[in-house]
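I'm opening my notebook on a structure that is new to me. I'll jot down what I look up as I go.

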Amino acid sequence: MLERAHILVCGGTGCTSGNSNKIYSEFQTRLKEQGLESEVKLIMTGCFGLCARGPIVVVYPEGTFYQHVKVEDVNEIVCEHILKGRPVERLLHSEKEEDGSLKAINETAFYKRQKRVVLRNCGIINPESIDEYLAYDGYKAYEKVVTQMTPQGVIDEIKKSGLRGRGGGGFSTGMKWQFAHDSVSDIKYVVCNADEGDPGAFMDRSLLEGDPHAVIEAMMIAGYAIGAKQGYIYVRAEYPIAVQRLEIAIGQAREYGILGKNIMGLGHDFDIELRLGAGAFVCGEETALLNSTEGKRGEPRQRPPFPAVKGLFEKPTLINNVETYGNITQIILNGADWFASMGTEKSKGTKVFALGGKINNTGLVEIPMGTTLRTIIEEIGGGIPNGKKFKAAQTGGPSGGCIPAELIDTKIDYDNLIAIGSMMGSGGLIVMDEDNCMVDIAKFFLEFTVDESCGKCTPCRIGNKRLYEMLDSVTKGTATMEDLDKMEQLCYYIKENSLCGLGQTAPNPVLSTLKYFRDEYVEHVKNKRCPAGVCKALVSFKIDPALCIGCTKCKRNCPVNAISGEIKQPHVIDASKCIKCGACLQGCPKNAIVR
Amino acid sequence: MKTLAELQAIRDRMKSQMASRGTDADDIRIVVGMATCGIAAGARPVLNAIVEEVENRKLTNVKVTQTGCIGMCKLEPLVDVIMPGSEKVTYVHVTPEKARRIIASHVVNGNVVTEYTVDGEKA
Ligand SMILES: Cc1cc2nc3c(=O)[nH]c(=O)nc-3n(C[C@H](O)[C@H](O)[C@H](O)COP(=O)(O)O)c2cc1C
């Protein structure tokens with residue numbers, strides 16, 4: 001029977017950690033209890049994007065968007081909304097029109113400025129059902145290329161679209177396919193890079209969790225275009241939901257004869273295997289990834305030869321990022337011109353960003369290239385929490401740089417970001433406010449790359465370590481002004497001499513904060529002061545005796561008994577005991593504690 | 001192995017099953033009053049009959065939803081039919097049989113079944 005209502009429960013990693021599995025089973029129980037199970041369809045989907053408001057439940061046909069749903073709320077949704085048609089108002093994610101009526105979800109600030117090309121099926125289909133993928137024109141793009149296009153025709157279409165790699169480098173996808181196509185060999189491979197190692201990034205994971213077949217279909221198209229019969233998806237084992245959904249999707253595709261020999265009876269063979277990575281950042285670098293896929297140590301290889309010439313098992317290999325593949329079926333079905341109509345002159349289409357840090361709407365957003373940072377932060381992201389001021393945004397993760405507040409009107413595309421000393425990266429976008437110390441941020445990213453360096457080449461292994469120590473001395477107030485200049489020189493040395501992209505980009509966060517926030521570094525060095533009050537060695541907590549009313553709250557909050565004083569008398573902090581945790585700040589009714 | 005035709009058949013079948021998951025301004029909406037008063041008066045079988053009819057006739061542009069009490073309890077079960085571009089038509093005292101006729105006549109062919117409306121009943 002046709003179900004009159006569809007209940008979609010988000011099964012992305014964010015909402016799953018918010019208990020959406022239990023919400024799903026509670027729906028099952030309650031629907032059964034009310035005898036509704038045959039009229040209502042219950043589906044677990046991929047990510048809706050608005051992770052900050054999770055767990056999310058959407059009810060169709062009305063398209064009612066419920067946020068922060070708890071297991072206890074399910075019964076009310078079933079009895080009120082599903083049975084009686086009365087939406088549960090207190091759970092609605094709603095914005096009102098001027099006349100007081102509810103805005104449609106696509107009109108709300110978070111979704112209005114987005115354009116969902118790659119994420120088109122996420123939060124709409126059940127990722128564990130190949131039939132639902134088929135309903136949205138699934139595997140039609142593959143059918144089209146095999147029945148109507150030559151391999152070169154496919155490559156020309158991708159070139160014409162202007163699609164560039166979404167994994168960080170931004171290299172022309174069509175050109176890459178051409179190189180792999182032109183390499184002569186009886187065996188070739190198609191590889192999908194799903195390592196996604198940037199801290200704070202979850203674009204690729206969400207796409208794999210929400211629409212795994214889209215990636216599989218794109219790899220099949222790539223296989224046809226370059227002449228490969230075997231594909232590998234390299235995905236980190238730390239993404240268990242993505243791995244599981246990929247396994248299910250590959251199994252279903254094989255069952256339908258969509259993967260395997262003589263696909264759909266059209267005479268083309270292609271199959272895909274998964275390779276699980278152990279979660280090393282360097283294994284996202286393409287040559288290290290190839291080594292790891294072969295079962296070797298995850299260390300980069302010298303380039304050239306490029307993978308398109310000599311890649312996996314020494315055979316010509318095409319390697320693209322998950323999101324890059326996510327665009328392919330849409331380019332084939334809607335045409336290169338449609339794709340190229342979105343974006344800026346040299347950056348076409350859309351880009352998915354994982355929005356995190358000091359921002360109200362943390363989550364996953366997909367925007368047309370050329371959208372300004374201001375639109376992302378102020379409109380889509382809903383601004384900075386607690387009325388704080390925007391200070392900078394970090395793009396490109398540990399390989400990227402920061403965009404300071406004065407450049408908030410920068411249009412986001414590959415070339416503009418490079419021009420201001422950052423980079424697109426894979427799509428992490430971390431927002432910082434006035435409480436973030438930029439030296440500390442640079443140190444955080446560098447600590448990550450030092451940790452993740454594979455150690456094969458000296459500039460990266462030792463250079464970054466020394467750079468980290470210098471940064472550390474800045475945060476402790478023991479660095480000199482000459483050290484700042486030395487740091488900068490070392491940055492350029494590491495960039496120019498490292499073997500792979502990890503080392504070549506590791507100093508970027510240091511360089512870009514030095515460029516835009518040099519005064520903050522100088523303040524640490526000259527005045528031994530951390531303006532944001534983050535660097536522990538440079539802050540000290542004191543109680544202003546003129547303001548303190550002796551309420552004893554700070555004394556009770558202090559975990560190390562560093563505060564003394566009689567009731568109704570000014571209190572004092574013993575600096576030798578103080579661990580600078582800031583617990584005393586919280587709760588002081590008179591703002592008497594200064595740092 | 002599935003052939004191209006078999007895959008297309010799955011697409012078509014799934015498309016109609018999943019039609020309710022998009023919201024399109026051109027859709028026809030059928031709204032059934034499902035508050036306590038509606039349910040007591042027999043709105044559930046009416047709703048089921050409508051859904052069945054929509055499925056049998058493969059009406060992918062029709063959305064069936066419910067609403068709460070609109071204050072005319074003695075006229076329940078109430079069913080609204082909203083065709084894009086025209087005024088809402090409210091049917092009263094609807095039964096599963098009446099519902100089927102409303103779909104055949106009004107939803108499919110655009111002819112309002114006047115005798116089932118408030119004014120029609122009075123006349
Ligand atoms: C240290 C390092 C880490 C990388 N991590 C990833 C990653 O997690 N995912 C990814 O797609 N590309 C990553 N890359 C980029 C890949 O080397 C490669 O450029 C990319 O997979 C190519 O695909 P694309 O052309 O579709 O972007 C990384 C590069 C470096 C240097």
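**Entry 1: a loop residue with positive phi.** I started with Asn262(A), which sits in the loop between helix H11 (240–255) and strand S7 (271–277) of chain A. Helices (H or I, at least four residues) and strands (E, at least two) are DSSP runs here, numbered from the N terminus. Phi of Asn262(A) is near 45 degrees, a positive value in a residue other than glycine. Is Asn262(A) buried, exposed or partly exposed? I found 36% relative accessibility, so Asn262(A) counts as partly exposed; buried means under 20% relative accessible area, exposed over 50%, and partly exposed in between (1.4 Å probe, protein chains only).

**Ground rules.** I have to keep in mind that this is a predicted model, where local features need pLDDT of at least 70 and side-chain atom pairs count only at pLDDT 80 or more, while totals for chains, interfaces and linings use all residues. Residues are numbered from 1 along each chain as its sequence is written, chains are lettered from A and ligands numbered from 1 in the order in which they are written, and side-chain values use heavy atoms, with hydrogens and water left out.

**Entry 2: the loop between H12 and S8.** Next I looked up Phe313(A), found in the loop between H12 and S8 of chain A. Phi of Phe313(A) is near 45 degrees, again positive in a residue other than glycine. Phe313(A) is partly exposed, because its relative accessible area is 37%. Pro304(A) has its place in the loop between H12 and S8 of chain A, and the peptide bond from Arg303(A) to Pro304(A) is cis, with omega near -10 degrees.

**Entry 3: another cis bond.** I also noted a cis peptide bond from Tyr60(A) to Pro61(A), with omega near 15 degrees. Pro61(A) is in the loop between strand S3 (57–60) and strand S4 (64–66) of chain A.

**Entry 4: the second largest pocket.** I wanted to know which residues lie nearest the centre of the second largest pocket. They are Gly167(A), Gly168(A), Gly169(A), Glu286(A) and Arg303(A), out of 49 lining residues. On a 1 Å grid over the protein atoms alone, a pocket is an open set of points where a 1.4 Å probe fits, with protein on both sides within 12 Å along at least five of seven lines; lining residues have an atom within 4 Å of a point. This pocket holds about 1,300 Å³ of space. S8(A) gives the most to its lining, with five residues. H8, helix H12 (286–293), strand S8 (317–321), helix H16 (414–419) and helix H20 (501–505) of chain A each supply at least two. By class I get 18 nonpolar, 20 polar and 11 charged lining residues.

**Entry 5: a nonpolar patch.** Phe171(A), Met175(A) and Phe179(A) make a nonpolar surface patch of about 280 Å². Phe171(A) lies in the loop between helix H7 (151–161) and H8 of chain A, while Met175(A) is in helix H8 (residues 173–182). Phe171(A) is partly exposed at 44% relative accessible area, and Met175(A) is partly exposed at 35%. I also looked at Phe171(A) with Asn320(A): they are 149 residues apart in sequence and 10.0 Å apart in space, C-alpha to C-alpha.

**Entry 6: chain B.** How many helices and strands are in chain B? I count five helices and four strands, running α-β-α-α-β-β-β-α-α from the N terminus on. Its C-alpha atoms fill a box of roughly 60 × 30 × 25 Å, taken along the principal axes. Of the 123 residues of chain B, 46% count as buried.

Technical notes
Patch = residues over 30% accessible without salt bridge, like charges linked within 9 Å, V, L, I, M, F, W, Y side chains within 5 Å. Areas by Shrake-Rupley, 256 points an atom, 1.4 Å probe, with all protein chains shown as cover. Salt bridge = Lys/Arg side-chain N within 4 Å of Asp/Glu carboxyl O. Points joined across faces, edges and corners; volume = space filled by probe spheres on them. Nonpolar A, V, L, I, M, F, W, Y, C, P; charged D, E, K, R; others polar.
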